[in-house]
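Good morning, and thank you for coming. I would like to begin by placing the structure on the screen, and then to speak about strands and aromatic rings.

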Amino acid sequence: ILLCLLPVLVSIGGAQQENPFVPSPKQKSFSRLAGIWEGSGTWRHASAMPAQKWSGCTTAKSVLGGHFIDEDLVIDLGPTVPGPLRMRTFYGWERETQRYIAAEINNSGEVHYRPIHWEDEDTMTWSSSLVREGKLTTEHWTLTFGKDSYRIQGIQIVGNSKPFVHVEGSF
């Protein structure tokens with residue numbers, strides 16, 4: 001056990017090191033996500049598909065001593081999709097790489113680890129790619145905070161198709 005704790009003890013004892021148990025001030029960027037949010041908007045699975053309505057709820061709170069925001073999201077995609085989409089995302093400042101990140105898992109079995117970029121104090125963006133149904137799928141997301149709400153938009157590219165708005169709405 002002492003060998004496992006040695007890196008932590010050394011980092012605490014070093015005069016030049018940050019205390020790893022104290023969250024970075026950069027973590028505060030995500031604090032506006034905390035709370036219970038009701039949302040709605042539209043989504044589509046493919047560019048030729050008509051937009052469908054979605055509704056959902058997200059509950060987000062500070063966890064692990066303030067190092068992360070833990071967000072649980074449940075989205076009802078309407079009558080054409082069996083069951084809700086459920087996601088759990090941890091937002092935080094990764095001390096080792098000095099970058100903002102989001103780590104997400106969902107009930108369709110997908111796992112995403114995404115660097116987050118803050119465009120300004122109200123707007124964060126992230127992108128990721130994965131193979132879905134045999135085609136490379138790239139998504140670019142933008143979340144923009146308002147006074148008492150936030151807007152989300154996801155642009156998707158499937159294979160070599162043109163980009164299209166995959167998801168948009170507000171909480």
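Let me start with a definition: two strands are said to pair if DSSP finds at least two bridges between them. Please keep in mind that what you see is a predicted model.

Consider strand β1, residues 35-43, and strand β2, residues 52-63: they pair in the antiparallel sense over nine bridges. Within this pairing, W37 stands opposite T58 in β2. Strand β1 also pairs with strand β10, residues 164-170, again antiparallel, over four bridges. There, W43 has V167 of β10 as its bridge partner.

I turn now to the aromatic rings. How many aromatic pairs does the count come to? The count is eleven, where ring centres must lie within 6.5 Å. F30 and Y91 form a tilted pair, with 5.5 Å centre to centre and 35° between the planes. This pair links distant parts of the chain, since F30 sits in the loop between α1 and β1 and Y91 in strand β4, 61 residues apart. Both F30 and Y91 are buried.

Y100 and W118 form an edge-to-face pair, 6.3 Å centre to centre, with 70° between the planes. Because Y100 lies in strand β5 and W118 in strand β6, the pair ties together parts that are 18 residues apart in sequence. Why does Y100 count as buried? Its relative accessibility is 15%, and buried means under 20%. W118, at 14%, therefore counts as buried too.

Ring pairs join a cluster whose members include F30, W37, Y91, W93, Y100 and W118. Finally, the charged end of K26 sits over the ring of W93, 5.0 Å from its centre.

Note on methods: Residues are numbered from 1 along each chain as its sequence is written. This is a predicted model: local features need pLDDT of at least 70, side-chain atom pairs count only at pLDDT 80 or more; totals for chains, interfaces and linings use all residues. Side-chain values use heavy atoms; hydrogens and water are left out. Helices (H or I, at least four residues) and strands (E, at least two) are DSSP runs, numbered from the N terminus. Rings of Phe, Tyr and Trp (its six-membered ring) pair if their centres lie within 6.5 Å; planes under 30 degrees apart count as stacked, over 60 as edge-to-face and the rest as tilted. Buried means under 20% relative accessible area, exposed over 50%, partly exposed in between (1.4 Å probe, protein chains only). A charge sits over a ring if NZ of Lys or CZ of Arg is within 6 Å of the ring centre and within 35 degrees of the ring normal.
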